[in-house]
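Please read the points below alongside the sequence and the structure shown here.

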Amino acid sequence: MDTRRILIGCGFTYSAAVSTPAIFQVEPAPSAHVSLEGARWSSEPVMDIRGYADLYGNSCLRTVLPAGRSSLGYQAVAVVADQAEEADEDAPQCAPDALPDATLIYILPSRYCLPDVLADEAWSRFGGLQPGYRRVQAICEHVHSHLTFQYGSTTALSSAVDVNQARLGVCRDFTHLAISFCRALNVPARYVFGYLPDLDVPPDPAPMDFAAWMEVWLGDRWWTFDPRNNIRRKGRIVIGRGRDASDVAMATTFGGPLLESMLVQAEEDPAGERAR
């Protein structure tokens with residue numbers, strides 16, 4: 001299988017009045033589809049860091065930001081398959097009583113995804129469609145056209161209901177709304193975020209950022225859907241999965257340090273070559 005080499009990484013610069021414990025989730029999750037080379041953390045000043053796996057198996061890092069100005073960074077090369085994610089328009093929806101136990105949590109309401117509040121709209125818009133992959137794709141197409149992407153249009157308190165009314169959001173908001181509609185129709189859907197390079201698509205002129213999409217349980221497996229971009233993409237590198245963005249925050253600080261800057265990198269290695 002052909003592969004591509006992707007330079008990934010990020011950097012955070014903080015200014016803290018006092019020493020502040022923090023958790024970072026920016027390292028890709030273990031995967032059969034992505035291998036990492038030369039992964040390393042850096043910090044200035046030097047900080048003690050330690051890793052752990054959270055409730056969902058996501059890789060996290062714990063540290064304490066010192067008082068004053070500090071920076072923390074992560075870099076690696078990710079080797080990914082040179083192909084878009086799989087699709088199957090005939091993948092069926094499972095009846096609730098046939099769902100695996102572990103998927104049931106992804107039908108319930110969560111902090112930002114509110115299927116109970118959006119149930120009437122979900123059933124009126126999509127209830128008449130044949131259950132399965134095509135109906136989930138119809139949800140993505142609706143969210144993609146209903147919302148306008150706009151930085152700064154939502155806050156950390158904005159739920160899927162807020163976004164649906166305002167019709168503005170960023171990729172996490174597109175994902176929260178699509179997840180809510182899926183769950184309202186008894187389709188397990190979970191939030192995913194990670195690195196998404198511009199492979200074989202027109203480059204986005206905006207500064208690189210983390211991306212969010214969703215995985216939906218149909219048939220006997222999880223399938224990738226992206227209501228923000230609404231196309232299959234190459235090079236998705238998953239960092240974390242959870243019920244919504246509250247489960248996979250890229251940075252959590254136990255205090256009030258000022259985030260001075262954040263940089264994200266996800267681009268093809270210009271020195272690398274496609275390999276077989």
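**Notes on a helix, a sheet and aromatic pairs**

1. The exposed residues Asp120 and Ser124 lie on the face of H1 turned away from its buried side, where exposed means over 50% relative accessible area, buried under 20% and partly exposed in between (1.4 Å probe, protein chains only). Helix H1 spans residues 119–126, and its buried residues are Ala119, Ala122 and Phe126. Viewed down the axis of H1, these buried residues fall within an arc of 70°, so they line one face of the helix, the arc being that of the directions from the helix axis to the C-beta atoms. They pack against helix H2 (133–146) and helix H4 (171–184), with contact meaning heavy atoms within 4.5 Å. Helices (H or I, at least four residues) and strands (E, at least two) are DSSP runs, numbered from the N terminus.

2. This is a predicted model, in which local features need pLDDT of at least 70, side-chain atom pairs count only at pLDDT 80 or more, and totals for chains, interfaces and linings use all residues. Residues are numbered from 1 along each chain as its sequence is written, and side-chain values use heavy atoms, with hydrogens and water left out.

3. Four bridges join E4 to E5 (residues 59–65), and Ala53 stands opposite Ser59 in E5.

4. Ring pairs link Phe12, Tyr14 and Phe24 into a cluster, where rings of Phe, Tyr and Trp (its six-membered ring) pair if their centres lie within 6.5 Å.

Note on methods
Pairing = 2+ DSSP bridges. Phe/Tyr/Trp six-rings, centres within 6.5 Å; stacked < 30°, edge-to-face > 60°.
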